[in-house]
Amino acid sequence: MSLEQLYQQIILEHAKLRTGSGLAETPVPAGASAGQSHQLNPVCGDEVTVRVAVSDGKVAQLRWDGQGCSISMASASVLAELAEGMDVAGFTAVIDSFRDVLRSRGKLAADPEILGDAAAFEGVSKYAARVKCAMISWVAAEDALAQARTSSTAP
Amino acid sequence: MAFVPTSESRALLSPALTDDEVLRIRNDFPILARPMGGHPLIYLDSGATSQNPISVIEAEQEFYEQRNAAVHRGAHLLAVEATESFEDARETLAAFVGADADEIIWTSNATEGLNLLSYAFLNSSLPGAAGPAARFALGAGDEIVVTEMEHHANLIPWQQLAERTGATLRFVPVDDAGALDLDAAAGIISPATRVLAFSHASNVLGTINPVKTLVAMARRVGALTVLDACQSAPHLPLDVKDLDVDFAVLSGHKMLGPTGIGVLYGRSELLNALPPFLTGGSMITTVTMERAAFLPAPQRFEAGTQKVSQAIALAAAANYLTETGMGRVHAWESLLGQRLVEGLSSIPGIRVLGPAPGEERIGLASFDVAGVHAHDVGQFLDSKGIAVRVGHHCAQPLHRRLGLTASTRASTYLYNTTSDVDTFLAAVAGVRAYFGA
């Protein structure tokens with residue numbers, strides 16, 4: 001597998017774009033309930049904090065801060081672009097699909113219909129050491145989403 | 001490629017290996033002939049784990065084919081031969097580091113050696129510990145001193161010991177050039193210091209620390225010294241008696257040996273006063289249902305079945321290095337280290353950590369690439385068959401001190417050629433353009 005299959009153009013671009021980065025700059029939308037999760041990759045010291053705001057059963061907003069390699073930063077950027085406006089069940093399904101592909105060691109093809117730009121990370125699944133880089137913001141998002149839903153259903 | 005040697009340097013005492021000799025040495029390492037993704041393998045990760053010469057691989061195989069038996073028990077001939085090989089290996093390692101055989105304890109790795117000391121000191125500090133162990137007892141008011149450049153293996157066991165005994169952990173800071181601040185050390189090492197633990201050579205910076213100077217500071221205040229020799233024993237002539245340290249650890253797989261084996265050196269008198277860490281079979285004299293008496297070192301610290309084939313293979317590795325000549329290995333790698341740091345420093349956007357070009361370092365260089373994460377650097381180099389280490393190299397506090405979370409490290413050994421270094425440098429020069437930095 002070539003380097004270009006791993007670092008697809010879309011990944012290199014998103015690593016610079018960092019869509020959705022900046023937690024402090026963007027407040028949680030009024031009326032939405034939010035959860036926030038910080039994840040650390042102890043192998044490389046990469047870290048990311050993701051905040052998910054839920055309103056009327058939809059992801060109203062996903063913002064993040066972090067530092068790390070191009071895979072982890074691009075993955076967070078794509079995640080933010082995908083998530084906003086999705087209904088919560090759909091978003092959960094996308095996270096599950098992304099995880100399945102990333103953990104498949106190259107056996108599972110990504111479905112661009114479901115994953116959109118995140119399908120570009122398919123090649124990462126063949127690099128065991130980099131799977132965590134691609135997953136870190138998604139794990140944070142899943143945790144943040146669960147917290148947001150708990151707080152929205154709390155009395 | 002000249003450099004200013006450190007005050008205790010022995011790098012210029014022997015002629016370096018020649019290119020032809022290195023090419024012959026490479027033939028002894030089967031793995032170096034393996035292509036990696038269509039490229040010749042350029043292995044620059046020996047600081048993490050080194051490769052094995054055929055003599056080491058064969059020594060382990062020969063043991064299992066011809067002499068495998070339980071050591072230090074059994075009256076049959078195989079057991080006698082296995083025991084002799086095992087103890088011969090101890091003598092080989094003792095000679096390799098300038099110690100006596102009864103001062104060499106086998107451990108699983110250097111980390112275990114350091115934990116053994118930490119736990120033995122803890123055992124000395126417990127209520128009821130008395131007699132000869134009292135000299136190791138720690139409590140409130142006592143201080144353990146490490147350095148800011150330590151590998152986590154020579155930091156966390158001391159953090160834990162301090163936490164459990166009430167002692168205070170202090171550290172000697174590193175200056176911006178990656179050297180220990182010896183003026184600060186002179187103030188930090190005080191009559192309250194009971195243990196001074198430090199690395200001989202930094203696994204990140206490549207700095208060679210002034211061991212004798214630090215040992216003298218510790219001696220003046222009566223502190224014990226613990227030397228992490230993981231990055232020195234494989235690469236330069238090591239003589240623990242000449243350095244006058246009390247304890248030292250090294251790692252087998254970093255010096256051409258197998259994994260699962262390391263060495264703890266301790267001065268005989270200290271080892272025999274130190275309470276055991278692991279207890280059980282093979283380390284006792286008389287056992288009743290109530291209590292046990294322990295053998296002297298080294299058996300005192302070798303409970304249970306030992307790492308016999310690994311010890312024998314490690315001795316084969318030490319023999320290989322001794323036959324090549326540690327002085328010559330050191331001189332060669334010093335040149336490679338200079339070539340690395342000079343080449344890296346001339347590439348725009350590269351910041352080399354540790355000693356500047358022209359200052360002595362071991363044959364490794366860690367660096368930061370502006371705008372590109374170390375993992376991406378490593379992946380880019382891997383696509384060209386070049387193996388390096390990326391991350392914090394088990395030295396998070398040092399990276400934090402340098403304002404980084406991760407770096408890329410190229411580390412050489414006796415089998416690396418100047419062309420390995422040049423190919424690596426040419427590849428690094430292309431990293432920033434690829435990632436658009």
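Me: What makes the radius of gyration of chain B agree or disagree with that of a compact globule?
Reply: The radius of gyration is taken over C-alpha atoms, and the globule rule is 2.2 Å times the number of residues to the power 0.38. With 437 residues, the rule puts a compact globule near 22 Å, and chain B has 22 Å, so the two agree. The C-alpha atoms of chain B fill a box of roughly 70 × 55 × 35 Å along the principal axes. This is a predicted model, in which local features need pLDDT of at least 70 and side-chain atom pairs count only at pLDDT 80 or more, while totals for chains, interfaces and linings use all residues. Residues are numbered from 1 along each chain as its sequence is written, and chains are lettered from A and ligands numbered from 1 in the order in which they are written.

Me: How does chain A stand against the rule for a compact globule?
Reply: For 155 residues the rule gives a radius of gyration near 15 Å; chain A has 15 Å, which agrees. Its C-alpha atoms fill a box of roughly 50 × 30 × 25 Å, taken along the principal axes.

Me: How many helices and strands does chain A have?
Reply: Chain A has six helices and three strands. Chain B has 15 helices and 17 strands.

Me: Why is strand β17 of chain B called largely enclosed?
Reply: A residue is buried if 20 or more other C-beta atoms, placed from the backbone, lie within 10 Å of its own, exposed if 12 or fewer, and partly exposed in between. Five of the five residues of β17(B), residues 407-411, are buried, so the strand is largely enclosed by the rest of the structure. B:Ser407, B:Arg409 and B:Ser411 point one way, and B:Thr408 and B:Ala410 the other way.

Me: Which strands are joined to β17(B) by bridges?
Reply: Two strands pair if DSSP finds at least two bridges between them. Four bridges join β14(B), residues 364-369, to β17(B), and the two run antiparallel; B:Ala365 stands opposite B:Ala410. Three bridges join β16(B), residues 389-391, to β17(B), again antiparallel; here B:Gly391 has B:Ser407 as its bridge partner.

Me: Why are helices α2 and α3 of chain A called roughly perpendicular?
Reply: Axes are lines fitted to C-alpha atoms, for helices over the stretch in contact, and angles run from 0 to 180 degrees between N-to-C directions. Angles under 35 degrees count as roughly parallel, over 145 as roughly antiparallel, 65 to 115 as roughly perpendicular and the rest as oblique. Helix α2(A), residues 9-17, and helix α3(A), residues 70-83, pack at about 80°, with their axes 7 Å apart. The two are therefore roughly perpendicular. Among the residues that make the contact are A:Ile11 and A:Leu12 of α2(A) and A:Ile71 and A:Met73 of α3(A).

Me: How many residues does each chain give to the contact between chains?
Reply: Two residues are in contact if their C-beta atoms, placed from the backbone, lie within 7 Å. The contact takes 13 residues from chain B and twelve from chain A. Helix α12(B), residues 374-382, gives the most to the side of chain B, with four residues.
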